[in-house]
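Open your viewer and get ready to click along.

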Amino acid sequence: MNLILLAEKLDLTVRCGADSLDREVSGGYSGDLLSHVMANSRKDDVWITCQSHQNIVAVSALKEHAGIILVLGKEPDKDTLEKASLEGIPLLVTELSGFEAAGRIYSLLHP
Amino acid sequence: MSREYEFSFPVVGENFDDAGKASVEIKRLLKELGITGDILRRTAIATYESEVNIISYAWYGTINIRVTDDNILVNILDSGPGITDIEQAMVQGYSTANDRIREMGFGAGMGLFNIKNCSDGFEILSEPNKGTLIKILIKR
């Protein structure tokens, strides 16, 4: 499943990286502690977090995530948007909680 | 013919705005050298955690990478307060990070543990009020 379909199903709003939305999502990781995300998330995961500062971009770039979903209505900082655009990492936002976003994405990936 | 490559990246303490910048660059260079998969993944985690440690705790530091035919050797040397109790610092979840660092999602007390976990060889030397040297070996 790619990010376009995921965004459609969960009604996510794209904040940047619209060019990279055709990227396949193979799994997901939910968390706000950057070291845990570094250690446990995988390539092509979608990362669900409420961290909106610019440091999330380097983590996502290093782990080669398919994209980042900011939950609970969090908006990316200006620096976050700039860096994510530069790295070509899709940033999407939703009012959903991390629990609900993760649950729904899991169901879509594992029907 | 054996070939060796060496890179060095300076990292400035407190510069959270650029956290991860050196590691992203290191990963790009390693990819160009044909390093992929699990070796690349482990090196990226180890250098990222090292970079964040310098930014969070030291005044400044350097990440040195040497790539040989058989190994990736990473030396991280910082000038900083050093680590008084290395054994305790290695414990998962133990952290001396302040609230500001924690609010950003750092300071989970996983850094050194993650570095060691990703390495085939790991050594840490530290002197209080001088700094810390971490030596990492990752087999190719």
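Two strands pair if DSSP finds at least two bridges between them. The strands and helices named here are DSSP runs, numbered from the N terminus: helices are H or I with at least four residues, and strands are E with at least two. This is a predicted model, in which local features need pLDDT of at least 70, side-chain atom pairs count only at pLDDT 80 or more, and totals for chains, interfaces and linings use all residues. Residues are numbered from 1 along each chain as its sequence is written, while chains are lettered from A and ligands numbered from 1 in the order in which they are written.

**Stop one: the sheet of chain B**

Select the five strands of chain B, which form an open sheet in the order β1-β2-β3-β5-β4 with antiparallel pairing. β1 (5–12) and β4 (121–127) of chain B each have a single partner strand, so one side of each has no neighbour in the sheet. From one strand to the next, the twist averages 10° (angles run from 0 to 180 degrees between N-to-C directions, and axes are lines fitted to C-alpha atoms, for helices over the stretch in contact).

Now colour β2(B), residues 60–67, and β3(B): eight bridges pair them in the antiparallel sense, and a hairpin of three residues joins them. β5(B), residues 131–139, is antiparallel to β3(B), with nine bridges between them. Seven bridges link β4(B) to β5(B), also antiparallel; there, S126(B) is partnered by T132(B).

**Stop two: two helices of chain A**

Select α1(A), residues 3–10, and α5(A), residues 98–109: their axes are 11 Å apart, at an angle of about 125°. The two helices are therefore oblique to each other, since angles under 35 degrees count as roughly parallel, over 145 as roughly antiparallel, 65 to 115 as roughly perpendicular and the rest as oblique. Show L6(A), K9(A) and L10(A) of α1(A) with A101(A), R104(A), I105(A) and L108(A) of α5(A), which make the contact (two residues are in contact if their C-beta atoms, placed from the backbone, lie within 7 Å).

**Stop three: where the chains touch**

Finally, show both chains: 19 residues from chain B and 15 residues from chain A make the contact. On the side of chain B, α1 (21–32), α2 (37–57) and α5 (111–118) each supply at least two residues.
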